[in-house]
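Take a short walk through this structure.

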Amino acid sequence: MDASKDPKRDALRESGTYHAAADKVSDELFLSHEFFDARDLVQVKYEMLRRVRVDGLSVTEAARRFGFSRTAFYQALSIFEQHGLPGLIPKRPGPKEAHKLSDAVMEFLEASPASWKPSEMAEQVAREFGISVHPRSIERALARRRKKTG
């Protein structure tokens, strides 16, 4: 198969579960069975935890075989114990919502004169609300709002 057209790899990347260090996985299950895919981060972490819990492998050896540090093993274990398998799915980094461009700021921006450039809007937001917002962030937020209501 053409490596540039690998639908599973693309799906793993899109979902944030692609294991970039798949080449560091040396556990025999991943080397000898087609079912086990070292590119699947959730599967790799689960199997690492299982090999310690069920098969009695040491934490140090399991971490080495699966390409993780001992610290990463214990983090995965803690998350798994608290949240189960869904906990092993990586969370997307970054803010979860617009923390600066609140509803009040957005209403202010939407009511601003159409002649204002994003840089002028940023200056006005700084004066009015005492927060610093990049002009490009303002452009993107306004575009998202227009898309939702348009």
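**Helices, contacts and rings**

Val44, Glu47, Met48, Arg51 and Val52 in H3 touch Val59, Ala62, Ala63, Arg65 and Phe66 in H4. By class, this contact between H3 and H4 has seven nonpolar residues, no polar ones and three charged ones. The model is predicted, so keep that in mind throughout.

Now look at how the two helices lie. Two packed helices are described by the angle between their axes and the distance between the axes. H3 covers residues 41-53, and H4 covers residues 59-66. Their axes come within 9 Å and cross at roughly 155 degrees. An angle over 145 degrees counts as roughly antiparallel. H3 and H4 are therefore roughly antiparallel to each other. The crossing of H3 past H4 is right-handed.

Stay with H4 for one more residue. Arg64 lies in this helix. Which residues does Arg64 touch, not counting those up to four places away in sequence? They are Lys24 and Ser26. Pro86 is 22 residues from Arg64 in sequence, and the two C-alpha atoms are 23 Å apart in space.

A pair of aromatic rings is described by the distance of the centres and the angle of the planes. The structure holds seven aromatic pairs. One of them joins Tyr46 and Phe80. Their centres are 5.9 Å apart, with 65 degrees between the planes, and the pair is edge-to-face. Tyr46 sits in H3 and Phe80 in H5, which spans residues 70-83, so the pair ties together parts that are 34 residues apart in sequence.

Next, compare another helix pair. H6 runs over residues 103-110, and H8 over residues 135-149. The axes of H6 and H8 come within 11 Å and cross at roughly 85 degrees. Angles of 65 to 115 degrees count as roughly perpendicular. H6 and H8 are therefore roughly perpendicular to each other. On the H6 side, the contact uses Asp103, Met106, Glu107, Leu109 and Glu110. On the H8 side, Ile138, Ala141, Leu142 and Arg145 meet them. Five residues of this contact between H6 and H8 are nonpolar, none are polar and four are charged.

Finish at H1, residues 7-15. What lies at the start of this helix? A side-chain oxygen of Asp6 reaches to within 3.2 Å of the backbone nitrogen of Lys8. At the other end, Gly16 follows H1. The phi of Gly16 is positive, near 80 degrees.

Key
Residues are numbered from 1 along each chain as its sequence is written. This is a predicted model: local features need pLDDT of at least 70, side-chain atom pairs count only at pLDDT 80 or more; totals for chains, interfaces and linings use all residues. Side-chain values use heavy atoms; hydrogens and water are left out. Axes are lines fitted to C-alpha atoms, for helices over the stretch in contact, and angles run from 0 to 180 degrees between N-to-C directions. Helices (H or I, at least four residues) and strands (E, at least two) are DSSP runs, numbered from the N terminus. Angles under 35 degrees count as roughly parallel, over 145 as roughly antiparallel, 65 to 115 as roughly perpendicular and the rest as oblique. A crossing is left-handed if the near helix is turned anticlockwise from the far one by less than a right angle, and right-handed if clockwise. Contact means heavy atoms within 4.5 Å. Ala, Val, Leu, Ile, Met, Phe, Trp, Tyr, Cys and Pro count as nonpolar, Asp, Glu, Lys and Arg as charged, and the others, Gly among them, as polar. A polar contact is a pair of N or O atoms within 3.5 Å; within protein, one must be able to donate a hydrogen and the other to accept it, and residues adjacent in sequence count only if both atoms are side-chain atoms. Rings of Phe, Tyr and Trp (its six-membered ring) pair if their centres lie within 6.5 Å; planes under 30 degrees apart count as stacked, over 60 as edge-to-face and the rest as tilted.
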